[in-house]
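Please read them with the model on screen.

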Amino acid sequence: MTTSGAAPVPAPAPAREESAYATALAQFDAVAERLRLDSSMRAVMRQPRRELTVNFPVRMDDGSTRVFTGHRVQHSTARGPAKGGIRYHPAVNLDEVKALAMWMTWKCAVVNLPYGGAKGGVEVNPKALSEGELERLTRRYASEIGIIIGPEKDVPAPDMGTDARVMAWIMDTYSMNKGYVVPGVVTGKPIAVGGTRGRVEATGRGLLYTVQEACRTQEMALEGATVAVQGFGNVGSNAARLLAAQGAKLVAVSDVTGGIYNPNGFDWDALQRIREQGAFFNQVSGGFEHITNEELLELKVDVLLPAALENQLHSGNADRIRPKMIVEGANGPTTPEADAILFGNGVFVVPDILANAGGVIVSYFEWVQDLQSFFWEEDEVNLRLKRIMTRSFEEVQALAVSESVTMREAAYMLAIRREEEALRYRGVFP
Ligand code: NAD
């Protein structure tokens, strides 16, 4: 354990043993083999349908012009318009965006939304830009990818480094270019411009429902269960709050600078006061220990929620990671090598494409409301979210039991079967 209180540090490179796309392909190949998919079907599913890379200038506040690189990848449109978030992060690259787009196809299919998968990103540290620079960057990026997005084609949403304000700029830019308002072009918007109630906390709320289902099948009480959360952004903080409200004991949370640990559990209100001391956890102090992100992952807890970046659980640390269950809030936090080690050690892992699908499910509700110009109460959003999360968990769990496979393999099998069925019915054009 370390005791720190220094200034914020730049984002450390995530622990990587291979590229995110290699991980995504390895996961797909293993399941395709098990499903005995024919080779042409595999070839179609292994490649993204479209990849767009854009290099574009942005006028900075000091009068200079900087060129930024962004991407938008549509992995599939077999089951409906492509759907997936936009990430602003210095480590964004095409390989990562391709992996994230493929995972979106499986995520939408496993929870049975009428969508394909996509992802976008800009190589930028959004925190280093002024508000005006961020708006100009967003509007130019939105114009550049405007040729392939749209409510019937590809519907972006927030991801790491982007938020409702960024979505509003994208919606406005797209609408200005069209000449009429198109709220359904993005989801995760503010409610004032066609957003839905319940979207901000949807992924965290979906994680809560998933942890509840996992506790039920593992015969473990959520009340009093110890929980560690890596990453305290939209996903991690909302999941932590909702889990604490259900009586879980939140013992550790972290951000990019590291974490804080209290074996007696953090009271939610006390945690808010701790957070008010500084923008990052390495700037706060009190009756708790400072720990690194690596140490957080290795804590002996009941529930570990990785909710930051991909490839955090890898072959180098997996053997030391021994919670009762891991519920993946982040996309791709576990490498295939780590997956095998965790399975061997009896850790119950609920995969990202199932566990963190709450965001895209409520995004789907937002898109449906925008298309109908008819908006729902929050209760209805949460009830419908719970229904889909619970049903999807049960379908994956039943398949895992009947096929004697892990939850991840079962989720992929279900998703890839649905994708294959859609591709087969549609056939090869022309
Ligand atoms: P966010 O930007 O709101 O928060 C990210 C958090 O992770 C922050 O606390 C940040 O400090 C921390 N972090 C960044 N780099 C880190 C590192 N190297 N080590 C430890 N912590 C680090 O992002 P978010 O929207 O909460 O997304 C988090 C993850 O969840 C991503 O993998 C994202 O793809 C996935 N996800 C997000 C949503 C959504 O609705 N926002 C939906 C599904 C999946």
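1. Starting point. This is a predicted model. The note begins with the ligand and then turns to the domains.

2. A backbone N or O atom of Gly161 is 3.4 Å from a ligand oxygen atom. For Val235 the corresponding distance from a backbone N or O atom to an oxygen of the ligand is 2.9 Å, and for Ala308 it is 3.1 Å. On its own the ligand has 830 Å² of accessible area, and the protein covers 88% of that.

3. The shell. The ligand is surrounded by 24 residues, and the closest are Arg87, Asp159, Thr203, Asn234 and Asn331. By class, the shell holds nine nonpolar, ten polar and five charged residues.

4. Domains. The domain assignment gives domain 1 (48-188) and domain 2 (202-355). Their centres, taken over C-alpha atoms, are 28 Å apart. Eleven residues of domain 1 and eight residues of domain 2 take part in the contact.

5. The domain interface. About 840 Å² is buried between domain 1 and domain 2, and carbon and sulfur atoms give 62% of this area. Two residue pairs are in polar contact between the domains, both at pLDDT 80 or more. There is one salt bridge between domain 1 and domain 2.

6. A side-chain pair to look at. Arg87, listed among the closest residues to the ligand, meets Glu310 in a salt bridge between their side chains, at 3.3 Å from N to O.

Key. Residues are numbered from 1 along each chain as its sequence is written. This is a predicted model: local features need pLDDT of at least 70, side-chain atom pairs count only at pLDDT 80 or more; totals for chains, interfaces and linings use all residues. Side-chain values use heavy atoms; hydrogens and water are left out. A residue is near a molecule or strand if one of its heavy atoms lies within 4 Å of it. A polar contact is a pair of N or O atoms within 3.5 Å; within protein, one must be able to donate a hydrogen and the other to accept it, and residues adjacent in sequence count only if both atoms are side-chain atoms. Accessible areas come from the Shrake-Rupley method with a 1.4 Å probe; for residues, only the protein chains shown count as cover. Ala, Val, Leu, Ile, Met, Phe, Trp, Tyr, Cys and Pro count as nonpolar, Asp, Glu, Lys and Arg as charged, and the others, Gly among them, as polar. Domain bounds come from an automatic or database domain assignment. Contact means heavy atoms within 4.5 Å. Buried area is the accessible area (1.4 Å probe) that two parts lose on being put together, summed over both. A salt bridge is a side-chain nitrogen of Lys or Arg within 4 Å of a carboxyl oxygen of Asp or Glu.
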